[in-house]
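Biologist: I would like to go through this assembly piece by piece, with the criteria stated as we proceed. May we begin once the sequence and coordinates are displayed?

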Amino acid sequence: MHSPKRTARPVARELLFGNLWEYDAAPESSPAFIDASYGLFIGGKWVAPKTRKTFDSISPRNEEKLSEIALAGAADVDAAYQAAAKAFPAWSKLPGSERAKYLFRIARLLQDRAREFAVAETLDGGKPIKESRDFDLPMAAAHFFYHAGWADKLNYVTPGRVLEPLGVVGQVIPWNFPLLMLAWKLAPALATGNTVVIKPAETTSITALKFASILQDAGLPPGVINIVTGAGDTGAAVVNHPLAAKIAFTGSTAVGKSIQRALAGTGKRLTLELGGKAANIVFEDAPIDQAVEGIINGIFFNQGHVCCAGSRLLVQESIANQVLSKLKIRMKSLRTGDPLDKNTDVGAINSRAQLDRIHELVASGVAEGAELYQPVCELPHKGFYFPPTLFSKVSQSHRIARDEIFGPVLSILTFRTPEEAIEKANNTHYGLSAGVWTDKGSLILKMSNELKAGVVWANSYNKFDPSSPFGGYKESGFGREGGKQGLLDYAKLKATF
Amino acid sequence: MRNSLGLRSLIEEIGGVDQVGIDERVAKYATRSIKKHAKVFGLKLATTMVDLTTLEGKDTPGKVASLCQKALRPHDDSDIPPTAAVCVYPAMVKHAAKLVKGTSVKIASVATAFPSGQSSLKIRLAEVRAAVSDGADEIDMVINRGAFLAGELARVQDEISAVLEACGEATLKVILETSELETYDNIRAASFLAMRVLRPGDFIKTSTGKTSANATLGNNQVMLEAIRDHFLATGVEIAMKPAGGIRTAKEALHFLVAVKETLGDAWLNQDRYRFGASALLNDLVRQMVKEKTGVYQAPYTFSESTTAY
């Protein structure tokens, strides 16, 4: 009972995160129902591409082929726009309460088939099943529910003024949250009475194509939503089509800029949601363990494939060592591997191209003298994987502190005073989001006033809600998605006296 | 430790806790999927960590005897290990001693005017000494919550020290009664007050089981993190016991996941982690039998079952 070691002081102060109790594999077994091939969804029907070309969609989890996807050319995109233009008059004149019924129906059907879509999302994109199951799918449905509620209340968005639909909207979405970004784009467009041509990213087309079956089941009139698939050329055709009244794009800043150039003088409206290099700022009075959890969530959520990822940690010098050592401890219990396993925290990198880019930027960090830390973890042999990575001793001029890595890589910088934190946080081309961790309420308000970012999270990170407008400052883009404000980007405002 | 230390300055020293962040962290434990061998291992481990408890006014030597038998042999299947201890009122210690002394099952006794602690220190200490001399291996004390909330932190700590001395060789478990401390900041502060005078291997414990709210993944996490920080700063390994409210095997596994991912392998044993529970044991047994046979057995298959037949 009273062992002698009671009085002796143990020397070792390492926590051991070993394999005494190893979790068994817990793969999600629900079927994803992915077809062997997909056509284009135009005018409410599946059609073969006029290009007669297809491309393979592989799973980043094990590089196995999932499906064959139609490659849409300019003629296909034109057909999609014609279908959308044809559907516009009737759709835009439907009473808002009728459009709402379709949106509610879509939201409920998505909930009904949530597990199937979650598995498909994980297979196609590589994100952990627990994230697609607990985040992507519920949030996607929530966006349709939220905007369904607005469809018959548009006259109250700006009281006394009228919102009119724009026409046919062209939308190009990224690969990091394929279905959720689709929901962010489609829901407000439909609620405000527009019709749509949408192009998912070429590495993650599958859930968008599966979504077409929900549109059919919901009885959505043909042509209201048209889905074209392909890579950059298809995207360019969508963006440059003369029938487009507005383009909504989410993706890289480089492509966003080229779209802006292409659209100049065309009269098309444009909203861009682009890259980010968010500062996550931790003050010395912050609740450290919860800040650490927020930092982990901020950078390793979705393998860091998040435009608002907290990829630059700014930590006050007085607690820098403490935060770094707690981060390292926390990272030891992160589980990296097969995204289909329910216990996986960090899944597969979306594509080989993205994996190469992460490797290149991490190598530059090492070459420029930053200190690298990666926990010991065994990665699957097949598929695209990268371990959770920390860089300490990073300075503002390092590439890893400036470029968007879009991977599970955190750069840690320090500051001494709130002014210095603000200066460093704002010293970037981007301005999408930021995080502030402190127990002092007044400091949160001061920081959020000074930070040049579209979203500021206080003592939390990566929190989303359909009612909250999301969008950036500076090279992170313009326009807002979500909330009442997001509706204004899909409508013409008319004042009648 | 400074006697005049106020609660505010103690929290500043040890760092505060943000409730939203804790709740978010522990929600992830509940999504861990524990299957096959990992499940069997976890169930067995949890069984060895149970302090099988009866703390009722109607306890009798007979009731305690059957509790002891259950602790020694939770089920007919001899693969199922005995529990860590039985936990009883001081008056029942000598009755428990007759059955479990000399076995691997320890005798834990609540003392110090459990559950309220509202008695003079002299009487509380006398109760501890009596329980130890009757054969208690472990003493579960309650802290003076009134003094804590009145800001008399030094008094709280001095009383813990006095109880510790009265324990002699017996292991001490310090019950914070988290529901009466209410905030996570208070729970963390009280954990440190206790740990700074405890010996390696002594416990901090969530609750008495006699108030409306008992062990939760949230207060368990706050205390595990306090133990981790204290260990990393001093090298002293303090043990942890959530008590009350953990009724199902599934919940117990979530608590163990928290231990695994916060403190690591060295805390995954009965010397460093316990469950204060009664109904939990039969659910653990039921799940172990199910893993073995593939089917759930009727409740009456298990001794001492209190669920409906």
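Biologist: Are H2(B) and H11(B) roughly parallel or roughly perpendicular to each other?

Modeller: This is a predicted model, in which local features need pLDDT of at least 70 and side-chain atom pairs count only at pLDDT 80 or more, while totals for chains, interfaces and linings use all residues. Residues are numbered from 1 along each chain as its sequence is written, chains are lettered from A, and ligands are numbered from 1, in the order in which they are written. Helix H2 (residues 19-29) and helix H11 (residues 217-234) of chain B pack at about 105°, with axes 9 Å apart (axes are lines fitted to C-alpha atoms, for helices over the stretch in contact, and angles run from 0 to 180 degrees between N-to-C directions). Angles under 35 degrees count as roughly parallel, over 145 as roughly antiparallel, 65 to 115 as roughly perpendicular and the rest as oblique; H2(B) and H11(B) are therefore roughly perpendicular.

Biologist: Which element gives the most to the side of chain A that touches chain B?

Modeller: The contact joins 32 residues of chain A to 38 residues of chain B. Two elements supply two or more residues of the chain A side, namely H4 and helix H9 (288-300) of chain A; helices (H or I, at least four residues) and strands (E, at least two) are DSSP runs numbered from the N terminus. With five residues, the element that gives the most is H9(A).

Biologist: Within chain A, which element supplies the largest share of the side of domain 1 that touches domain 2?

Modeller: Chain A is divided into domain 1 (37-274 + 475-495) and domain 2 (279-466), with bounds from an automatic or database domain assignment. Their contact takes 23 residues from domain 1 and 26 residues from domain 2. On the domain 1 side, helix H3 (114-125) and helix H4 (129-151) of chain A each supply at least two residues. The largest share, seven residues, comes from H4(A).

Biologist: Which strands of the seven-strand sheet of chain A stand at the edges?

Modeller: The sheet is open and of mixed pairing, in the order S14-S15-S16-S13-S12-S17-S18; strands pair if DSSP finds at least two bridges between them. Inside this sheet, strand S13 (residues 312-316) and strand S16 (residues 409-415) of chain A pair in the parallel sense over five bridges, with Leu313(A) opposite Ile412(A). Each edge strand has a single partner, so one side of each lacks a neighbour in the sheet; these are S14 (371-373) and S18 (455-458) of chain A.

Biologist: How many residues of strand S17 of chain A are buried?

Modeller: S17(A) pairs in the parallel sense with strand S12 (residues 279-282) of chain A over four bridges, and four bridges join S17(A) to S18(A), also in parallel. Ser433(A), Gly435(A) and Trp437(A) on one side and Ala434(A) and Val436(A) on the other are all buried; a residue is buried if 20 or more other C-beta atoms lie within 10 Å of its own, exposed if 12 or fewer, and partly exposed in between, with C-beta atoms placed from the backbone. Strand S17 (residues 433-437) is largely enclosed by the rest of the structure, because its buried residues number five of the five.

Biologist: Does Pro388(A) count as buried or exposed?

Modeller: Pro388(A) is found in the loop between S14 and strand S15 (389-392) of chain A. Leaving aside neighbours within four places in sequence, its contacts include Phe300(A), Met331(A), Leu334(A) and Val346(A). The C-alpha atoms of Pro388(A) and Gln303(A), 85 residues apart along the chain, are separated by 8.0 Å. Because Pro388(A) has 26 C-beta neighbours inside 10 Å, this residue counts as buried.

Biologist: What is the count of buried residues in helix H1 of chain B?

Modeller: Helix H1 (residues 7-14) of chain B is followed by Gly15(B), whose phi is positive, near 90°. H1(B) is hardly covered: among its eight residues, the count of buried ones is zero.

Methods
Contact = placed C-beta atoms within 7 Å.
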